[in-house]
Structures are given as C-alpha cells and as structure tokens.
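Student: I have a structure open and would like to learn how to read it. Where do I begin?

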Amino acid sequence: MTARTDEGTLGYEQARDELIDVVRRLEAGGTTLEESLALWERGEELAKVCRRWLDGARARLDAALAERDEPENRGNPGAAGDGADGADGGGERAEPNR
C-alpha cells in the first residue's frame, strides 16, 4: 500500500485506480481484521483525495463559466436571459451539457 504522505502528490486517476483496487481487495475477503481495517482507512484517504480533485475541478469549471458569461452581461442590463426580446438567452448555457 502507498504511504499516507502520498496524498498530496497523487493525481485524481492514481487515487481513483488505487481506490478501486482497495475496494476489490475488501470485497474479495480473505484478509485479516487488521489488514481489512488498514485497507478501509486507505480507502477513506483515497476517497478524500478524489473528492478534493473533483471539488477543485468543479470550482475551476464554475469560475470559467462565470468568466465566460460576465462580458455577455456587462453593459447589457437585459442580457440575463429574461427572454423579453425573443432571443435565445438560455440556449447557449445549455450547450456544455450535451
């Protein structure tokens, strides 16, 4: 198993892959109670690493979307997508979900 100090240097994919391995080993059984506890603790650490990466990615995405929308709304008070002018105000924001 990887040492606890690796938490700060693990990339998302590395942490995810190791977490998958930990879960497989726990599900397979055949380990002692002490080994199972150590695996569980490592799994919790890896899950936290993954969550930090995902939270960071979400924050970056939110910031990029806010930055993209900011110039569109600046100097144009009705550009918030109220639909009063019949324009497709909300359609552009929906594109990333395709």
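Student: Which pattern does the chain follow, read along the sequence?

Tutor: This is a predicted model. Read along the sequence, the pattern is α-α-α. The chain has three helices and zero strands.

Student: Which residues in α1 are buried?

Tutor: Buried means under 20% relative accessible area. In α1, this applies to A15, E18 and V22. Seen down the axis of α1, the buried residues fall within an arc of 70°, so they line one face of the helix.

Student: Which residues are exposed on the other side of α1?

Tutor: Exposed means over 50% relative accessible area. R24, E27 and A28 are exposed on that other side of α1.

Student: How do I read the chain as a whole?

Tutor: The chain has 98 residues, and buried residues make up 15% of them. Its accessible surface comes to about 7500 Å², with 52% belonging to carbon and sulfur atoms. Among the contacts with a separation of 6 or more, 65% are between residues 24 or more positions apart.

Conventions: Residues are numbered from 1 along each chain as its sequence is written. This is a predicted model: local features need pLDDT of at least 70, side-chain atom pairs count only at pLDDT 80 or more; totals for chains, interfaces and linings use all residues. Side-chain values use heavy atoms; hydrogens and water are left out. Helices (H or I, at least four residues) and strands (E, at least two) are DSSP runs, numbered from the N terminus. Buried means under 20% relative accessible area, exposed over 50%, partly exposed in between (1.4 Å probe, protein chains only). Contact means heavy atoms within 4.5 Å. Accessible areas come from the Shrake-Rupley method with a 1.4 Å probe; for residues, only the protein chains shown count as cover. The arc is that of the directions from the helix axis to the C-beta atoms.
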